[in-house]
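The model is predicted.

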Amino acid sequence: MSETLLEVRNLSKNFGAVQALADLSMKVSAGEVVALAGDNGAGKTTLIKAISGVYKPSGGEILLRGEPVHFNSPQEAREKGIETIYQDLALADNLSIGANIFLGREPMRKAFGFIPVLDRRKMAEAAKSTMALLDFHVSRMDAPVSNFSGGQRQAVAIGRAVYWNAQLLIMDEPTAALGVPEQRKVISLIHQLKAQGRGVIFISHNLQDIFAVSDRIVVLRRGVQAGERRIADTTHDEVVRLMVGG
Amino acid sequence: MAQPQADHADVKLTLLQHIANLRAWLFLAFLIVGFELWSYLDFGGTFVFNPYNVQSIAIYAVVPLLIATGQTYVIISGGIDLSMGFIMGLAAVVAAHVINWAGPIMGLPMAVLLGLLVSVLVAGIPGLVNGLLISRLRVPPFIGTLGMFGVARGVAFLLAGGTTVPVKNEFFSALGNGKLWNIPYIVIIAAVFVLLMNYLLSQTRFGQHNYAIGANEQAARRAGIDIRGHILKLYILSGMCAGLAGFIYAARFSAGAAQAGEPLLLDSVAAVVIGGASLFGGSGTILGTVAGALVIAVIQYGLVFINVKPFWQFISVGVVIIISVLIDQAQRQFGGGRQSE
């Protein structure tokens, strides 16, 4: 078993009187894909928001490589290598791949030795090599990302996380808005992240995707853990039973 | 395990996208050819080969263009600044008063410099208020700047005492009407300013973040961009552009008038839209806006030149705006843009 990347111990979160998450524990190792499954309102989103620094947990601990961490903002989580890829992708459609990867952290250079200008070549080159890691080859690096398909844009969002050296990627329904070939593309991207030794938490409603890509599955129901299975040892039916209860 | 397959994404601009990107320059060429033909057929003269015409159009375009450059930034960010016209009037009145007051004290050139500084800084104040309203209090830009439209208008008229404020300063009127190698000073000033604004928009983080905020504010926020700070600076910038426009206006006419910018506000929005920006935010360029401002100036000057009733100006500018937006829509729909996926 490889190194434990993330460990969540007895995490709970309540919003006023509503207990969204109770006493939940889970682990993600390097090079492992863990699926989170559960009905709407089961607490999946609350859990990932607690891990990624959006919410402060009401109780319990989050450990990154064995060290307890307390994030006050998503930026702090990102600096520690936890990157969340949202369903709506968080890309600026009118900008190029490179500009999206560097959004908010653009590199500058000096033109004629004294005028600061955006270093577009550096952005394009970094984008090209990063996207090549994901087996995604583009000839025109200046094209805005609106020109690409949904799966390709998902790859850009993942590429940004990879470039900034994210060790744990949290993906919220990455295949939900995509057609079947595009879903396959994203699944293969996740396989590559895993092969690079990164940890992935993968939220999906689609059991087929979960079974295609995950090592383990954690099922939530009404804020508590309903079960945890190795994918190799379980079936669709069992997972559905865990999700709906009974 | 699924075998990752290589993905070769190739992007080609369609013909429609090329046309859409260059539409303002195409309009401009089309108009110039049209007026040239008309003047030749009507009275055997020339339109564009007459240096006086070219110079007049350039002078005519300067003040609307200065407003439109600021408006370009705001529209790219997904906002709009309706107060620019009266901020310009306010700045023109302030410049007139300051230059008249300071002339006897510090000499004519220094008084003009002081007038420039004070009018641009004063113009930044309504911009600051706009920015605070929009970024901190989440007032929609249309409403916030509409309120400031009224406030700036009232203050400008109060300061002007309800009339036009004449300026007595030879240095100032020489600045507004003089020439260097046959190029009017104000055209040179506008050209330098436009180049600076083009640099700021296309080559700096500020410009890059402006495009990102206009396309997807949430994405920009998640990327760690300080949206509130950006919006604040943005509206101060547009206010100051209107301030410079007011100063130049006062120099050109040796007078400050509160209502000077009233018709220029919508012209500036029109110039930005004709120049290729989308009112939904996220697209547009300064060079496009230059072409847009020239299109409007050529229509307005050209129709007078060929002796058509001036009311046709409104109709033609209106038609050009509508055609321009239709091209933009067509490009979105057919041109490979996948905005609505």
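Q: Which residues touch the most other members of the largest nonpolar core?
A: M88(B), L90(B), A91(B) and V295(B) do, in a core of 174 residues. Helix α11 (residues 227-253) of chain B supplies the largest share of this core, 15 residues.

Q: What makes S119(B) a contact of A91(B)?
A: A contact requires C-beta atoms within 7 Å. Leaving aside neighbours within four places in sequence, A91(B) has S119(B) among its contacts, together with V120(B), V122(B), A123(B), A242(B), G243(B), G246(B) and F247(B).

Q: Why is β3(A) called mostly covered?
A: A residue is buried if 20 or more other C-beta atoms lie within 10 Å of its own. In strand β3 (residues 33-37) of chain A, 5 of 5 residues are buried. V33(A), A35(A) and A37(A) lie on one side, V34(A) and L36(A) on the other, and both faces are covered.

Q: How do you know that β3(A) and β11(A) pair?
A: Pairing needs at least two bridges. β3(A) has 4 with strand β11 (residues 199-203) of chain A, in the parallel sense, and therefore the two strands pair. Here A35(A) stands opposite F202(A).

Q: What joins β3(A) to β12(A)?
A: There are 4 bridges to strand β12 (residues 216-221) of chain A, and the strands run parallel. L36(A) stands opposite V218(A).

Key
Residues are numbered from 1 along each chain as its sequence is written. Chains are lettered from A and ligands numbered from 1 in the order in which they are written. This is a predicted model: local features need pLDDT of at least 70, side-chain atom pairs count only at pLDDT 80 or more; totals for chains, interfaces and linings use all residues. A nonpolar core is a set of buried Ala, Val, Leu, Ile, Met, Phe, Trp, Tyr and Cys residues joined through C-beta atoms within 7 Å. A residue is buried if 20 or more other C-beta atoms lie within 10 Å of its own, exposed if 12 or fewer, and partly exposed in between; C-beta atoms are placed from the backbone. Two residues are in contact if their C-beta atoms, placed from the backbone, lie within 7 Å.
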